[in-house]
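Take a walk through this model.

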Amino acid sequence: MATFASSIGFLSAVALAATACAVPALGQSFDIRSLFSAPAPSSGAAAAPTGTGTQEWSGESGASNHPLMTAQAIRAAAANFQNCLAGLWPQAMRRGIPRAVFDANVAGLEPDLRIMDLLDAQPEFTKSFWDYLDILVNEDRVQNGRAMLAKHRATFDAVEKAYGVDRHVIAAIWGVESNYGTQIGERSVIRSTATLACLGRRQDYFREEFLSALEILARGDVKPEHLKGSWAGAFGPTQFMPTSFKRYAVDFDGDGRRDVVDSIPDVVASTANNLKKDGWVSGQTWGYEVVVPTGFDFLLADRSRVLTVREWERLGIRRPGGKAFPRGDDRTYLLVPAGAQGPGFLMLQNFRVIMKYNPAEAYALAIGYLADRLRGGDAFVQAWPRHERVLTRAERYELQQHLAARGYDVGEPDGRLGGKTRSALRHFQSSVGEVPDGFASAAVLERLRGR
Ligand code: CA
């Protein structure tokens, strides 16, 4: 399962509101993964201000400037919606979808134009790593997660035995994706994916999701009225996209249906199966919080620089409080998300597996951290540089463009700061004699502007 972000600013507001209320308001659902993730081609689920459904399309062109996102193109595609869907029948037929199922789902269907706004939302502000962790890994979520683990203990026992995936990580995904099933989204997956399959700039991707959603209904895995979720089509407590469902969903309760919405055993086992198929290493954790010594060479803090724990120890990396690492031979990379002023983390293979679930470091760290807390582990102990102003989305674009203009590889500038941008930034910092910690501060942006 993977996602793409679209409405980070909105989500931040929703997430903050959610932390303020013990009980989330009905329809205040969203896919929290979209807080972090990049618009990878293989991705799907996203922010879901599903609300009451009363919000209308703005009628405006999308901020992406994509030719399929102009107001005119959207209107034209909307007028052609039924023709577009009818044109998908041959593909549906080849997948074995009965004509009656196809017709029943397509007849009279109207596009959900509001999704066009969400697809192209360009929020001005984004949140810091530490704000995300504060929102996603709080005392409520820890207590609720422990309650869920206790309540479904027999299921978690059986799933852990069958798949070898740490139950606390599954519970953490459940907690982060939908606040343990309380924030799932109210949009029809069929209508959302049909809309995106025929309108807007990601039709190829969503055609596959739409047809896969029809396959799910044709097989009767999920109750049609429960195939609801985020505006991008992710559904169920751990937010499966239809194509992810096809790859990973399992029938664990043995009723013949892979019901990742209403069957907790199927939800838990399908999520475990997903991680297992993506390479989860049984018996290992995701990573460790570490203290990075003064004077450390931050050019080493790169995803591609994999060393054993013992080698990192030789470089002065320690766990807080002098705690020992369980195994010196584990191969890890060093992540320093807030630069020299914040904590470091040594990341194992399982961190990479969590990132396949959603390719965003902040997301994966939140999952790992919540899993630790659910297990009874300690909170992170080092302080974050909370005084640092977080760059706006526009400033992040600008930072990437400055780096690209200087010949550093940042990939396609997207306003999201991942490993590639951080690596480019480290090399720039190094070239100007600054500590190359890769942290995108307001100061480093000033420096990039000034030369
Ligand atoms: Ca089942």
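The structure holds 1 disulfide, counted as a pair of cysteine sulfur atoms within 2.5 Å. Cys-84 and Cys-198 form it, with an S to S distance of 2.0 Å. The link of Cys-84 and Cys-198 is left-handed, with -85 degrees about the S-S bond. Cys-84 sits in helix H3 (residues 81-86) and Cys-198 in helix H11 (residues 189-198), so the pair ties together parts that are 114 residues apart in sequence. Helices here are DSSP runs of H or I, at least four residues long, numbered from the N terminus. Cys-198 counts as buried because its relative accessibility is 4%; buried means under 20% relative accessible area, with a 1.4 Å probe and protein chains only.

This is a predicted model: local features need pLDDT of at least 70, side-chain atom pairs count only at pLDDT 80 or more, and totals for chains, interfaces and linings use all residues. Residues are numbered from 1 along each chain as its sequence is written, and side-chain values use heavy atoms, with hydrogens and water left out.

Now the helix pair. Helix H10 (residues 167-178) packs on helix H17 (residues 361-374) at an angle of about 120 degrees, and their axes are 8 Å apart. Axes are lines fitted to C-alpha atoms over the stretch in contact, and angles run from 0 to 180 degrees between N-to-C directions.

Which residues in H10 meet H17? They are His-168, Val-169, Ala-171, Ala-172, Ile-173, Val-176 and Glu-177. Their partners in H17 are Tyr-363, Ile-367, Leu-370, Ala-371 and Leu-374. Contact means heavy atoms within 4.5 Å.

Technical notes
Helix = DSSP H or I, 4+ residues; strand = E, 2+ residues; numbered from the N terminus. Buried < 20%, exposed > 50% of the residue type's maximum accessible area, 1.4 Å probe, protein only.
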